[in-house]
Amino acid sequence: MDTVFPAAPQATVAVQGEEARFPVRRIFCVGRNYAAHAREMGKDPDREPPFFFTKPADAVCDTNTEIPYPPETENFHHEIELVVAIGAEGRNLSQAEARSVVYGYCTGIDLTRRDLQQQAKDMGRPWDWGKAFDLSAPCAPIVKKDQAGDVDRARIWLSVNGETRQDASVEELIWDIDEVISIVSKTMALKPGDLIMTGTPAGVGALKPGDVVKGGIDGLPDIEITIGERAA
Ligand code: MN
C-alpha cells in the first residue's frame, strides 16, 4: 500500500523466549479494580460494572527504558498492573470462554499524570491527558499463558529506589481476568494484539527524576524503569 509518508513503525512488546515480538493493536485499561486502591482514590469499592479507558498502542516501551519526566505535570504516578495480552479474536465471550483468546501475560506500569487526571475528573472531562501520553505503558516481556504460572493468585509489587510502595495479590482484583475479558468482548470485538491493563493495587505514589522503579508479578519477568529529567 502506498502511503503519503512512511507509516509509523508497529508498536510491539517483547515475548519471553521468542525473537518475534507481540504487535500491539490497542491498550484497554480497567479503572479502580482493587478495593484498597479505590479507597485511596477517595471512592467506595463496589461491584458496579467496571469502567475503562485506553492508551494509544505506541505508549508501550520496554523494560530498562529511561522515561523522561513528562510535561504538564507535578504529580507523576506509578501504577503496577498485570497486563493480559490477547492473541485471538473474541466477541461476546462468556467468562468460561475468556481465556481462549489470551496469548499471555506481562508486568506493566500504567504511568499517570495524576494532577491532570484529577482535573479531568473534577470537570467531567476525559482522562486521556492524564493517562494516554508518550511512554505511559512500559511493559516487561510477555510470557505465553501456558508458561506463566498462576497469575490469578500471584503477588504483585512495585518499589521505588528499593522502598516497597505497592504489594498485593492479583487475587484481590474486584473484577477478575475472566470477567474483564468477557465484559470488554461484549462492548467491542477483541482482536489479536490488544492489551488489557487490569488495574493497580493500593500504594500508588509520585515519581521524580532519578527514581529507579522496579516491579514484578510472580511467574512473570520483572520490570525496571528509570525516570529521566523533565523533557525540555
Ligand atoms: Mn491503572
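I take a residue as buried when its relative accessible area is under 20%. The model I am reading is a predicted one.

**Entry 1: helix α4.** I looked up which residues of α4 are buried, and found Ile177, Glu179, Val180, Ile181, Ser182, Val184 and Ser185. I then checked what these buried residues pack against: β3, β4 (52-55), β8, β9 and β15 (195-197). At the start of α4, I noted that a side-chain oxygen of Asp176 comes to within 3.3 Å of the backbone nitrogen of Asp178.

**Entry 2: the nonpolar cores.** The largest nonpolar core has 45 residues, and I found that Tyr105, Ile181 and Ile196 touch the most other members. Elements giving two or more residues to this core include β3 (27-30), β9, α4 (177-187) and β18 (223-230). I listed the contacts of Ile196, leaving aside neighbours within four places in sequence. Ile196 is in contact with Phe28, Val30, Leu82, Val83, Val84, Ile86, Val180, Ile181 and Leu190.

**Entry 3: the manganese ion.** Which residues coordinate the manganese ion? I found Glu79 (OE), Glu81 (OE) and Asp110 (OD), at 2.0 to 2.1 Å. In sequence, I wrote the spacing of these donor residues as E-x1-E-x28-D. Glu79 lies in the loop between β7 (76-78) and β8 (80-86), and Asp110 in the loop between β9 (102-109) and β10 (112-113), so I read the pair as linking distant parts of the chain, 31 residues apart.

Methods:
Residues are numbered from 1 along each chain as its sequence is written. This is a predicted model: local features need pLDDT of at least 70, side-chain atom pairs count only at pLDDT 80 or more; totals for chains, interfaces and linings use all residues. Side-chain values use heavy atoms; hydrogens and water are left out. Donors are N, O and S atoms within 2.8 Å of the metal (3.2 Å for Na, K and Ca); water is not among the atoms, so sites may look incomplete. Helices (H or I, at least four residues) and strands (E, at least two) are DSSP runs, numbered from the N terminus. A nonpolar core is a set of buried Ala, Val, Leu, Ile, Met, Phe, Trp, Tyr and Cys residues joined through side-chain atoms within 4.5 Å. Buried means under 20% relative accessible area, exposed over 50%, partly exposed in between (1.4 Å probe, protein chains only). Contact means heavy atoms within 4.5 Å. A polar contact is a pair of N or O atoms within 3.5 Å; within protein, one must be able to donate a hydrogen and the other to accept it, and residues adjacent in sequence count only if both atoms are side-chain atoms.
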